Amino acid sequence: MFPANQLFVALDTVDHARATQLASAVKGLAGGIKLGLEYYSAHGPDGVRSVQEVSGGLPLFLDLKFHDIPNTVAGAVRAACQLSPFCMTLHAGGGRDMMRAAVDAVHEEAGRRGIVRPRLFAVTVLTSMNAADLAEVGLLRVPLDQVRHLVSLARDCLMDGVVCSAYEADLVRSACGPDFTIVVPGIRPLWAGSGDQKRVATPAEAREAGADYLVVGRPVTTAQDPSQAVRRILEELSDPALSQQGDYV
């Protein structure tokens with residue numbers, strides 16, 4: 001199933017009951033749901049299937065950020081295809097051979113299973129990291145330059161798109177054109193706190209920068225009324241002036 005709108009809600013929890021509650025709350029509103037390492041490590045594929053069912057079959061963003069030797073990542077991608085996700089992620093920092101192995105694996109496995117091929121998105125620089133964080137791990141480029149480098153590599157490897165912050169989205173769009181998908185996490189409406197994210201943007205800012213899909217977690221999942229939070233974000237995307245009005249929902 002293709003997302004009905006730009007918004008993926010990140011169900012970042014290890015609590016199965018909470019994940020299903022949230023999936024039910026955003027059913028028919030969000031474009032899709034994102035499940036990542038926290039939930040997958042606790043509940044595995046069967047847990048993911050149960051959340052998909054409760055969501056009414058919303059498109060699944062399987063955010064496991066694979067990063068290992070090429071053969072292992074290829075195997076992980078093949079295994080993940082059993083869930084028929086709309087997309088899945090791997091770290092561009094894993095290198096050319098790893099990304100090409102993943103691309104080959106997802107085409108082969110989707111064909112074997114007779115399913116729509118999941119999109120592969122390369123994670124560039126996490127939105128929780130800034131220049132100081134990159135320097136601490138030995139990467140002396142500023143985030144913008146590191147993203148530029150990894151985007152070029154991901155495109156050469158035939159990835160479907162990348163995950164980057166809104167700060168780099170316009171650069172990616174200019175370099176890669178309209179058919180390369182840009183996923184922007186770290187979305188924070190003005191009525192929500194930034195938490196541990198350092199390179200954040202409002203929904204409207206991210207969309208204007210060129211994002212195809214927006215990933216929103218805590219502004220929805222910690223809201224008193226998650227479904228109303230989703231509605232409000234979608235309204236802001238229709239009318240950005242609304243982003244400056246009112247308090248946290």
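Two strands are taken to pair if DSSP finds at least two bridges between them. By this criterion, strand β7 and strand β8 (residues 213–216) run parallel and are joined by 2 bridges. Helices (H or I, at least four residues) and strands (E, at least two) are DSSP runs, numbered from the N terminus. The structure is a predicted model, in which local features need pLDDT of at least 70, side-chain atom pairs count only at pLDDT 80 or more, and totals for chains, interfaces and linings use all residues. Residues are numbered from 1 along each chain as its sequence is written, and side-chain values use heavy atoms, with hydrogens and water left out.

Confidence is expressed as pLDDT, the predictor's confidence in each residue, from 0 to 100. The average over the protein is 91. A score of at least 70 is reached by 92% of the residues. Residues 245–249 have a pLDDT below 50. Beyond near neighbours in sequence, this stretch still has 18 contacts in the model, a contact being heavy atoms within 4.5 Å.

Strand β7 spans residues 181–184. In a regular strand the side chains alternate between the two faces of the sheet. In β7 both faces are covered. T181 and V183 are buried on one side, I182 and V184 on the other. Buried means under 20% relative accessible area, exposed over 50%, and partly exposed in between (1.4 Å probe, protein chains only).

β7 also pairs with β6, in the parallel sense, over 3 bridges. There, T181 is the bridge partner of G161. Towards β8, V184 has L214 as its bridge partner. β6, helix α7 (residues 166–176) and β7 form a right-handed β-α-β unit. Right-handed here means that, with the strands pointing away from the viewer, the path from the first strand over the helix to the second runs clockwise.

S84 counts as partly exposed because its relative accessibility is 41%. L158 is exposed because its relative accessible area is 54%.

A229 is part of helix α10 (residues 226–238). A229 is buried because its relative accessible area is 0%. In sequence, A229 and V26 are 203 residues apart. In space, their C-alpha atoms are 9.3 Å apart.
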